[in-house]
Amino acid sequence: MLTIQSLREEKDRILEALNKRHFDAHEAVEQILAWDAERRKTQAQLDETLAQSNALSREIGGLMREGKKEEAEAVKAQTSSLKAKSGELKEQMQGLEQQIHDALCHIPNTPHADVAAGRNADDNVETFRSGDASTLEHHKKPHWDIAEQCKLIDFELGAKVTGAGFPFYRGKGAKLQRGLIRFFLEQADAAGYEEFIPPHMINPDSGFGTGQLPDKEGQMYHMQDDELYMIPTAEVPLTNIYRDVMVKEGDLPIKLCGYTPCFRREAGSYGKDVRGLNRLHQFDKVEIVQFAHPEASYATLDGMVEHVKGLLEALELPYRILRLCGGDMGFTSAMTYDFEVWSAAQERWLEVSSVSNFETYQANRLKCRYKGNDGKTHLVHTLNGSALALPRIVAALLENHQDETGIRIPEALVPYCGFERIDF
RNA sequence: GGAGGUUUGGCAGAGUUGGUCGAUUGCACCGGUCUUGAAAACCGGCGUACCGCAAGGUACCGGGGGUUCGAAUCCCUCAGCCUCCGCCA
């Protein structure tokens, strides 16, 4: 969430930046600043009252030591009104703080200056394109047909055992998954990211830290008996490693990665978009996360974009990179690049990665800070990206690398899969 | 799941017959003296957040609540860690 300090100091810049999202925060911000002023006034009164109260207590302590019990009792009598007053003020303070906190939670992050205004996906800016997004490939089969024909993925079995959107991968389909996971992890390892295998469930504090709670509560599977959530992405456990941590400035950037399955309820999704591997309740993903110095975070973001480019090049897939416009960006992001691969058979782009800089928005929730050379504490910048999400990569591989007799596995992937082709 | 113990500032570790304890001390860290440089030694500084122009004030000793004029110290509750028992991949 935004810091109250930033709201006080650069209200106009923030409101203008939020306009790019078509998010009108005028009213909310004015309300917050009014509450904030009231809070400060209340605190001044409360502190004064407590100071008086503390002084009297010290006096009583002194008198008791000297054995002047009667005088002590007399002073005690003075404390009751102070106590009532401070109790009342404390309640007011807590109420105001809660209101401010709740309101701040409902204001999204401010887009970076380079982010375009824009309302939706149509306004995103293509910044890079690689390969041929041909539309003249009607002979190619969609991945769901190949998956069934070659017994790579069994959607019906998944529906029987669990439900729609929970497929079984089998045979070469399973090996392909495993190969991709290893390939992605080793690429991340080579790029200096430390590998983690995080828990697949998280507590509410962690959900809040990265911004899934309270806004996206309905998107996560919730274990109510234990008050835990299935992770929607490894971003959540990985980023929360540094919740409430004071890092050393010299340790930045910190680079983490991890493979996990991801669980998403995808409430409200429907239609052809959810066919086959396009949208699942459980899918596999390798995530990269960085904690960066504020001055370096956009260079860091560029580096992460380059990393993901390298993966897609190695898989020989046609792809493009979009810088999301304000209206299409996630709630917590300041700048996001989406990677989309071309689906030859579906004749559409499929999002396979999203790389974002959250600046201090997550760090403020996480309370992840470092002590600078100036002796002051500052919030770090957090970034993350998919590198990569598997299902649509598999779809793109099956649809783009088809020939008359089967699927060709890209050279870079062969050592990880253990086979060169999937025959029809 | 049952029983007991434990949880203090970056780390280690005092403090639990309630009263100048936000907290002794060591290490780490920062600055200085000394030195060609470094180490050692010595001197000084060093938790976080909020309010305040400042002086200063307030809060925080796992989280929450309570008793009291006053709580790190007493009580309740929740959580983490450790030990033992039970169960189990």
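My entries below cover the helix pair, the cavity and a pocket.

I note that this is a predicted model, in which local features need pLDDT of at least 70 and side-chain atom pairs count only at pLDDT 80 or more, while totals for chains, interfaces and linings use all residues. Residues are numbered from 1 along each chain as written, chains are lettered from A and ligands numbered from 1 in written order, and side-chain values use heavy atoms without hydrogens or water.

Helix pair. I found helix H3 (residues 26–65) packed against helix H4 (residues 69–105) at an angle of about 155°, with axes 8 Å apart (helices are DSSP runs of H or I, at least four residues, and strands runs of E, at least two, numbered from the N terminus; axes are lines fitted to C-alpha atoms over the stretch in contact, and angles run from 0 to 180 degrees between N-to-C directions). That makes H3 roughly antiparallel to H4, a term for angles over 145 degrees.

Cavity. I looked up the largest cavity, which has a volume of about 30 Å³, and its lining consists of Leu-152, Ile-153, Tyr-169, Gly-173, Leu-176, Gln-177 and Val-394 (on a 1 Å grid over the protein atoms alone, a cavity is a set of points where a 1.4 Å probe fits but cannot get out, a pocket is an open set with protein on both sides within 12 Å along at least five of seven lines, and lining residues have an atom within 4 Å of a point; grid points are joined across faces, edges and corners, and a volume is the space filled by probe spheres set on them). Helix H7 (residues 172–190) gives the largest share of this lining, 3 residues.

Pocket. I then recorded about 1500 Å³ for the largest pocket, where Arg-264, Arg-279, Asp-338, Glu-351 and Ser-354 lie nearest the centre among 47 lining residues. Strand E13 (348–359) is among the elements that supply at least two residues of this lining, and E13 gives its largest share, 9 residues.

Terms used. Angles under 35 degrees count as roughly parallel, over 145 as roughly antiparallel, 65 to 115 as roughly perpendicular and the rest as oblique.
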